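Please keep the sequence and the 3D view open while reading.

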Amino acid sequence: MLTYTGSGPYCYSNSLAMVLGPAAPPTALIETLTGSPFGVQLIGGTMPLFDPYGWDPEHGLDAALPALGLHCTRDTGGTQDEALARLRAACAEGPVLAGPLEMGLLLYQHGSGTANGADHYVVVLAVEDDTVLLHDPHGHPYATLPAPAFAAAWRAETVPYTDDTYVMRSAFTQQRAVAPADALRHSLPSAVQWLAGRDDLPVPPGTLGGAPALEALADQVAKGDLPSDVREQLAEFAVQVGTRRLHDAAACLAPLGLTSPAALLTEQSRILGSLQYPVVSGDDQALAAGLRRLAPTYERLRTALTEAAAQGTPC
């Protein structure tokens, strides 16, 4: 398998890698340990995301950090002035992972200015003279914003999966050494739980996961009922990030001897990646057929990972 290298919307994984510096693991490993490749959901019955039922990046980071033997301080809330003071103090000790933020309010990005509910993560380097200096993994190193404008995005009031405001992670420490292979093996039971469908996390009414999510989405496409904003979200984000997640998970598991799960993940990534053209071109017949081909692969992947986790050794 030729490993993909290139751009992609990996904001929290790239941000975590930046914060960790030269000792950071590959972003493919970080992303896989978040659990994001192991499922698909149709939020509220309308919005498709190629990550597990009930999953969000906050759950992902909370899983990846301890899996890598890392600890950090997570702070939230307060007034705008209190949050900015907290951010300024933390940056004096080292870079800070800030997010989720409302991406539409990051005013240095072209076309921004309106909140749209899109979440994002960045690395804040300093707060100086009422200006926030940051690295934005979406192609903006050393971006700056007036502190009040940054705080408006950082408040994250329009990000649907969190009620927390001004979320930041700082003071990262390596509490124990963990080999990447060990971290991946220990994460397999969690991957199985995501694929099986966790029922301990709140989801909007009507949300579907796994094969039912893809079959419902395929039905919408086949009937001509796919809303334009959903098509745009698939074209500009969901297919890209979902394909890369699956591809990276395959690349991480294959060297462990997990040949069956890796092959299934590769199959999934190829099917999903092939849907980018039908989404953009409006070939709904091909799009619906591809979604239906993808649907049963998640249960097959759950079975393969269950067997791998039960054996506890490469298979």
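## A partly exposed pair

Arg292 is partly exposed, with a relative accessible area of 31%. Here buried means under 20% relative accessible area, exposed over 50%, and partly exposed in between (1.4 Å probe, protein chains only). Asp219 is likewise partly exposed, at 34%. Arg292 and Asp219 form a salt bridge, with the closest N and O atoms 2.9 Å apart. A salt bridge requires a side-chain nitrogen of Lys or Arg within 4 Å of a carboxyl oxygen of Asp or Glu. The pair links distant parts of the chain: Arg292 sits in helix H11 (residues 284-294), Asp219 in helix H7 (residues 210-222), and 73 residues separate them. Helices (H or I, at least four residues) and strands (E, at least two) are DSSP runs, numbered from the N terminus.

## Basis of the model

The model is predicted: local features need pLDDT of at least 70, side-chain atom pairs count only at pLDDT 80 or more, and totals for chains, interfaces and linings use all residues. Residues are numbered from 1 along each chain as its sequence is written, and side-chain values use heavy atoms, with hydrogens and water left out.

The salt-bridge count comes to 13. Side chains of opposite charge can pair when their charged atoms come close. One of these bridges joins Arg245 and Asp51, with 3.5 Å between the closest N and O atoms. Arg245 belongs to helix H8 (residues 228-253). Asp51 lies in the loop between strand S2 (47-49) and helix H3 (57-67), 194 residues away from Arg245 in the chain. Arg245 counts as buried, at 5% relative accessibility. Asp51 is buried too, with a relative accessible area of 5%.

Glu58 and Arg169 form another salt bridge, at 3.0 Å from N to O. Glu58 lies in helix H3 and Arg169 in strand S8, so this bridge ties together parts that are 111 residues apart in sequence. Glu58 counts as buried at 8% relative accessibility. Arg169 counts as buried at 1%. Both residues belong to a salt-bridge network that links Glu58, Asp62, Arg74, Asp164 and Arg169.

## The six-stranded sheet

Which order do the strands of the open sheet follow? The order is S3-S8-S4-S5-S6-S7, with antiparallel pairing. Two strands pair if DSSP finds at least two bridges between them. The edges are strand S3 (70-75) and strand S7 (140-146), each pairing on one side only. Neighbouring strands are turned by 35° against each other on average, direction ignored. Strands of a sheet pair through backbone hydrogen bonds, either parallel or antiparallel.

Strands S3 and S8 run antiparallel and are joined by five bridges. Across this pairing, Arg74 stands opposite Arg169 in S8, and Asp75 stands opposite Met168 in S8. Strands S4 and S8 are also antiparallel, joined by two bridges. There, Leu97 stands opposite Arg169 in S8.

Helix H1 (residues 11-20) lies across S3, S4, S5, S6 and S8. Its direction runs at about 30° to S5. Helix H5 packs on the sheet and touches S4, S5, S6, S7 and S8. The direction of H5 makes about 70° with that of S4. Contact means heavy atoms within 4.5 Å. Axes are lines fitted to C-alpha atoms, for helices over the stretch in contact, and angles run from 0 to 180 degrees between N-to-C directions.

Most residues other than glycine have a negative phi, and most peptide bonds are trans. Gly99 and Pro100 are joined by a cis peptide bond, with omega about 10°. Pro100 is placed in strand S4 (residues 96-102).

Asp129 is not a glycine, yet has a positive phi of about 50°. Asp129 lies in the loop between strand S5 (119-128) and strand S6 (131-136). Is Asp129 buried or exposed? At 78% relative accessibility, Asp129 counts as exposed. Ala156 also has a positive phi, near 60°. Ala156 lies in the loop between helix H5 (147-154) and strand S8 (168-174). Ala156 is buried, with a relative accessible area of 2%.
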